[in-house]
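Please look first for the open space in this protein and then for the molecule held there. The paragraphs below go from the pocket to the ligand.

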Amino acid sequence: MDIQFEVIPQERIHVVKNLCNELMAYQQSKARIHPEWFDGMRFETRLVPSVENAKANHLVVAMDGGEAVGYAYSNISSKYVYSNSFATLDCDAFFDFDSVKGEDVGCLSQFFIKEAYRNRGIGSELFRRAVEWLRSFDSVEDVFIFVSNGNDDALRFYLRKGFRISHEILDGFITVLRNRAGDAAS
Ligand SMILES: CC(C)(COP(=O)(O)OP(=O)(O)OC[C@H]1O[C@@H](n2cnc3c(N)ncnc32)[C@H](O)[C@@H]1OP(=O)(O)O)[C@@H](O)C(=O)NCCC(=O)NCCS
């Protein structure tokens with residue numbers, strides 16, 4: 001297996017269409033709270049609008065030959081994007097805006113490795129590249145990750161990488177993880 005890491009431009013995001021749909025199905029399969037909220041979530045309703053609405057995007061893909069086997073999608077957005085809607089659901093703000101200096105925040109928004117490729121360090125390398133990109137914005141102090149309920153493996157992965165649990169939203173549907181500039185993130 002010879003894995004290559006490739007940064008994919010916006011016009012080629014369809015390269016991860018199947019992986020994105022697999023991620024949504026995986027999260028739904030793990031969820032104990034409102035799994036039905038994932039029903040409408042797929043590439044066209046999650047990745048495409050995120051990319052269009054963000055101020056900057058970074059999609060890094062792990063390729064095995066010509067096949068995309070994993071990806072990490074990160075973005076920089078105004079914190080106000082996280083006001084009060086999740087998909088079509090109304091909710092409180094995702095985090096306390098006053099606790100964020102400046103206007104913009106970073107987010108590791110989607111992260112998925114095909115099952116046969118997990119536990120070989122590919123996720124760690126994608127994560128490292130994503131965080132490096134997110135931390136290259138001097139004006140961005142806070143990076144968030146939103147983990148859906150039941151995905152305890154992912155939660156542990158992020159905690160090992162230096163993120164900390166901030167709080168839960170949507171009655172526990174999502175756990176908000178946060179990392180501030182200066183915190184360790186490896
Ligand atoms: C979370 C996820 C992206 C991690 O990707 P991964 O490729 O399995 O991650 P890694 O292989 O880098 O690390 C996982 C573990 O594998 C082991 N590992 C890492 N490199 C290894 C190697 N070269 N050889 C053997 N094992 C290795 C380590 O135990 C590591 O744990 P650590 O963090 O304590 O070091 C992946 O499990 C996944 O896609 N999960 C399903 C989707 C998901 O939950 N996404 C997150 C949504 S919020």
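The largest pocket holds about 1,400 Å³ of space, where a pocket is an open set of points, on a 1 Å grid over the protein atoms alone, at which a 1.4 Å probe fits and which has protein on both sides within 12 Å along at least five of seven lines, and the volume is the space filled by probe spheres set on the points. Its lining, meaning residues with an atom within 4 Å of a point, comprises 50 residues, of which Leu-23, Gln-27, Ser-109, Gln-110 and Phe-146 are the closest to the centre. Two or more lining residues come from each of α1 (17-30), α2 (43-53), β3 (67-78), β4 (85-86), β6 (104-113), α3 (122-134), β7 (142-148) and α4 (152-160), and the greatest contribution, 7 residues, is that of β6. The model is predicted, with pLDDT of at least 70 needed for local features and 80 or more for side-chain atom pairs, while totals for chains, interfaces and linings use all residues. Residues are numbered from 1 along each chain as its sequence is written, and side-chain values use heavy atoms, with hydrogens and water left out.

The ligand sits in this largest pocket, in the sense that more than half of its atoms lie within 2 Å of the pocket's grid points. Elements that give two or more residues to the shell around the ligand are α1, β6, α3 and α4, and α4 gives the most, with 4 residues.

Which residues of the surrounding 18 are the closest to the ligand? They are Phe-111, Ile-113, Gly-123, Ser-124 and Arg-160. A polar backbone atom of Phe-111 lies 2.7 Å from a nitrogen atom of the ligand, whereas an oxygen atom of the ligand is 2.8 Å from a backbone N or O atom of Gly-123. For Ser-124, a polar side-chain atom is 2.5 Å from an oxygen atom of the ligand.

Key. A residue is near a molecule or strand if one of its heavy atoms lies within 4 Å of it. A polar contact is a pair of N or O atoms within 3.5 Å; within protein, one must be able to donate a hydrogen and the other to accept it, and residues adjacent in sequence count only if both atoms are side-chain atoms.
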